[in-house]
Amino acid sequence: MENKGKKEGFSSSLGVFFATLSGAIGLGNIWKFPYVTGANGGAAFILIYFIFVLLLGIPLMLSEFYIGRSTKRNPFGSIGAIEESNYHNFKFNFLNKIRKSGIFKLIGWLGVTTAAFIMFYYSAVAGWVYEYLFKAIKGDFSPLKNLTGEEAVKFTSETFNNSVNGTYTPMIWQLVVLVVVSIVLVAGVKNGIEKVTKVLMPLFLLLILLCDIRSLTLSKAGEGLSFLFTPDFSKVTAGTLLTALGLAFFKLALAMGILIVYSNYYKKDTNLMGNSVKVAISDTVISLMAGVAIFPVVFEFGISPSSGPSLLFKSIPLAFAQLPFGNGLLAIFFLLTAIAATTAMISLVEAPVRMFMEEFNMSRIKSVGVTSTIIFIIGAITVHPKSIFGAVLIGNKNFFDLFGFLTDNVMMPFAALLTAIFIGYFIKKDSFKQELTNYGQLNKNVKYLPYLRVCLRYIIPILITLIFLNSLGVFN
């Protein structure tokens, strides 16, 4: 178990890859990506999303890797730990004053706060998954095999509504999720985070592949694939751009403090560029595989592609119900979906845990306990429909939607903007180059530096600024 004065690291490059990938892969792939894609026009949205991954995702991921590995500090204290020799010394003194003002420390503060806001509602969704696993093991979905299409859709809708709208049950399952996550985190980096992700990520991939194979045998698989892969740019709006940007941040675990923390545990010989590309591509491919698994079922049973967060909980049971031994396969699927949700939660919780350990001199056990307690209390009284503030609306949004809106559309983009400006303008080019090339050991990565600098200095700030202005109503 890790003590507050000792920092562990990942033991292998495979551990680095799977742990970092686990921060990106989770319910975002099989829950959020499909329903957001469905609500924003399908393939055209995916293309825009992938462009954001290339222009924003990889450069920002590398920026956070730089901050984390070079300082070996949590997000909250990392900016202040960067050595003075790594900064530009500007001729215009006001620029030096901006850097010393502490504004860039907001990068870490926003990262930890964003992780917390996400966990308030994400832990609730993870709780739904855990409950569905329990229902599948009990055989609650067995009646689906004998129902017609319309009856089956009604059955899954009622099951989902009962899971979400219960008085105490959703909170209990949310607590179960946090207990499981806490057990893993208390075990530490090598024996907890790395060991779990190295075993469970490949299994998760196999289950997605199984779902793809099953979905492609459905009669309306062609309609689902067409929706997913045929672009329709007539459906693209300014809101689509904002949503794609927010999803890119959410899916790649950007601006949440996760990547800064995990790169604390990287070795000096870890190829930051190679790891970022592998994670970005793997995450996108798995998201598409999730879409292949879900959209043929959506069209087969006449479910709206834009039916929202419940898409996963309505379509997957319908698909497995028609298979031989379908209930057993459904139980396995939700087991691995629960594992994916758990690994993502592990990444999210680790950011504030590391902050409490370093900034408040807490042990790992105490840090995990404090963090999990805060998540449960705030999440339990805000995000559930029957909770204390469940009926409260702020700007026509309940707390579940409000937390998602603030993190996706405000907090993560703003933190990303600060990160791009900070690394692009205030950090010396040679300092960034040293981390990118592992101090000359990977000189092949030098060729990517001009592309990264252009993205960080110009493309990312311009794109995020335009999207911010649009969200404020400046543009029609």
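Reply: The account below begins with the aromatic rings and then turns to the pocket and the cavities.

The model is predicted, so local features are reported only at pLDDT of at least 70 and side-chain atom pairs only at pLDDT 80 or more, whereas totals for chains, interfaces and linings use all residues. Residues are numbered from 1 along each chain as its sequence is written, and side-chain values use heavy atoms, with hydrogens and water left out.

The largest nonpolar core has 158 residues, and Phe-313 and Phe-422 are those with the most contacts inside it. Such a core is a set of buried Ala, Val, Leu, Ile, Met, Phe, Trp, Tyr and Cys residues joined through side-chain atoms within 4.5 Å. Buried means under 20% relative accessible area, exposed over 50%, and partly exposed in between, for a 1.4 Å probe and protein chains only. Apart from neighbours within four places in sequence, Phe-313 is in contact with Trp-31, Val-125, Trp-128, Val-129, Tyr-132, Thr-156, Phe-160 and Phe-334, contact being heavy atoms within 4.5 Å.

Rings of Phe, Tyr and Trp (its six-membered ring) pair if their centres lie within 6.5 Å; planes under 30 degrees apart count as stacked, over 60 as edge-to-face and the rest as tilted. By this rule there are 30 aromatic pairs. One of them joins Tyr-132 and Phe-141, a tilted pair with 5.3 Å between centres and 40° between planes. Tyr-132 is buried, with a relative accessible area of 0%, and Phe-141 counts as buried at 3%. The pair of Phe-160 and Phe-313 is stacked, because the ring centres are 5.4 Å apart and the planes stand at 25°. This pair links distant parts of the chain, with Phe-160 in helix α7 (residues 149-164) and Phe-313 in helix α14 (residues 311-321), 153 residues apart. Helices (H or I, at least four residues) and strands (E, at least two) are DSSP runs, numbered from the N terminus. Both Phe-160 and Phe-313 are buried. One aromatic cluster is formed by Tyr-121, Trp-128, Tyr-132, Phe-141, Phe-160, Phe-313, Phe-333, Phe-334 and Phe-400.

Two rings also face a charge. The charged end of Lys-278 sits over the ring of Phe-17, 5.5 Å from its centre, and that of Lys-397 sits over the ring of Phe-405, 4.8 Å from its centre. The rule requires NZ of Lys or CZ of Arg within 6 Å of the ring centre and within 35 degrees of the ring normal.

Phe-405 also belongs to the lining of the largest pocket: of its 17 lining residues, Lys-32, Tyr-35, Gly-404, Phe-405 and Asp-408 lie nearest the centre. On a 1 Å grid over the protein atoms alone, a cavity is a set of points where a 1.4 Å probe fits but cannot get out, and a pocket is an open set with protein on both sides within 12 Å along at least five of seven lines; lining residues have an atom within 4 Å of a point. The largest pocket holds about 480 Å³ of space; grid points are joined across faces, edges and corners, and a volume is the space filled by probe spheres set on the points. Helix α17 gives the most to this lining, with 6 residues.

The structure holds 3 cavities of 30 Å³ or more, and the largest cavity has a volume of about 100 Å³. Gly-23, Tyr-122, Phe-250, Ala-344 and Leu-348 are the closest to its centre among the 14 residues that line the largest cavity.
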